[in-house]
Amino acid sequence: AFHPEAHIQGYRLDGVFANWTLDEYRKGFRGSPARDEGQRKRTIDLVQIEGTSGFARATLKHPAAVFTDFFVLLKHEGYWRIMNKVFSVRKK
């Protein structure tokens, strides 16, 4: 769903600012489900579209933290793509 030129930004739990390209972001995934996958809950909280652009807010709750993601969306070449993601995270 991400556009190849998307960027991901936010503050990690340790307070460090993260500013990743999509390729850098993907390096953080192992290619298999997390050990606590069964305890994680994801929701799409809001989607707003106007013409060919929009935004969405999603929440990921897992045992240690809650992530809130804000996605900037664009209909590009006939498909909806995530152009950018900004996230917030807090400990439970």
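I began with two terms: strands are DSSP runs of E with at least two residues, numbered from the N terminus, and two strands pair if DSSP finds at least two bridges between them.

**Ground rules.** I noted that this is a predicted model, where local features need pLDDT of at least 70, side-chain atom pairs count only at pLDDT 80 or more, and totals for chains, interfaces and linings use all residues. Residues are numbered from 1 along each chain as its sequence is written, and side-chain values use heavy atoms, with hydrogens and water left out.

**Entry 1, the hairpin.** I looked up strand 5 (residues 65–76) and strand 6, and found an antiparallel pairing over twelve bridges. Val-66 has Arg-90 in strand 6 as its bridge partner. The two strands form a hairpin with two residues between them, and Glu-77 in the turn has a positive phi of about 55°.

Next I asked myself: in what order do the six strands stand in the open sheet? I read 2-1-6-5-4-3, with mixed pairing. Strand 2 (17–21) and strand 3 are at the edges with a single partner strand each, so one side of each has no neighbour in the sheet. On average, neighbouring strands are turned by 15° against each other, direction ignored (axes are lines fitted to C-alpha atoms).

I reminded myself that strands of a sheet pair through backbone hydrogen bonds, either parallel or antiparallel. Strand 1 (residues 2–11) runs antiparallel to strand 2, joined by five bridges, and there Ile-8 is partnered by Trp-20. With strand 6, strand 1 pairs in the parallel sense, over five bridges; Phe-2 stands opposite Ile-82 there.

How many aromatic pairs does the whole structure hold? I found six, counting rings of Phe, Tyr and Trp (its six-membered ring) with centres within 6.5 Å; planes under 30 degrees apart are stacked, over 60 edge-to-face, the rest tilted. Tyr-11 and Phe-17 make a tilted pair, 5.3 Å centre to centre with 55° between the planes. Ring pairs also link Phe-2, Trp-20, Tyr-25, Phe-29, Phe-71 and Phe-87 into a cluster.

I then checked cover (buried is under 20% relative accessible area, exposed over 50%, partly exposed in between; 1.4 Å probe, protein chains only). Tyr-11 is exposed at 51%, while Phe-17 is partly exposed at 44%.

Ile-44, Val-47, Ile-49 and Trp-80 make a nonpolar surface patch of about 400 Å². Strand 3 (residues 41–50) gives the largest share, three residues. Trp-80 sits in strand 6 (residues 79–91) and, at 35% relative accessibility, counts as partly exposed.

How values were computed. Patches are made of residues with over 30% relative accessible area and no salt bridge: like charges are joined within 9 Å, nonpolar side chains (Val, Leu, Ile, Met, Phe, Trp, Tyr) within 5 Å. Accessible areas come from the Shrake-Rupley method with a 1.4 Å probe; for residues, only the protein chains shown count as cover. A salt bridge is a side-chain nitrogen of Lys or Arg within 4 Å of a carboxyl oxygen of Asp or Glu. Helices (H or I, at least four residues) and strands (E, at least two) are DSSP runs, numbered from the N terminus. Axes are lines fitted to C-alpha atoms, for helices over the stretch in contact, and angles run from 0 to 180 degrees between N-to-C directions.
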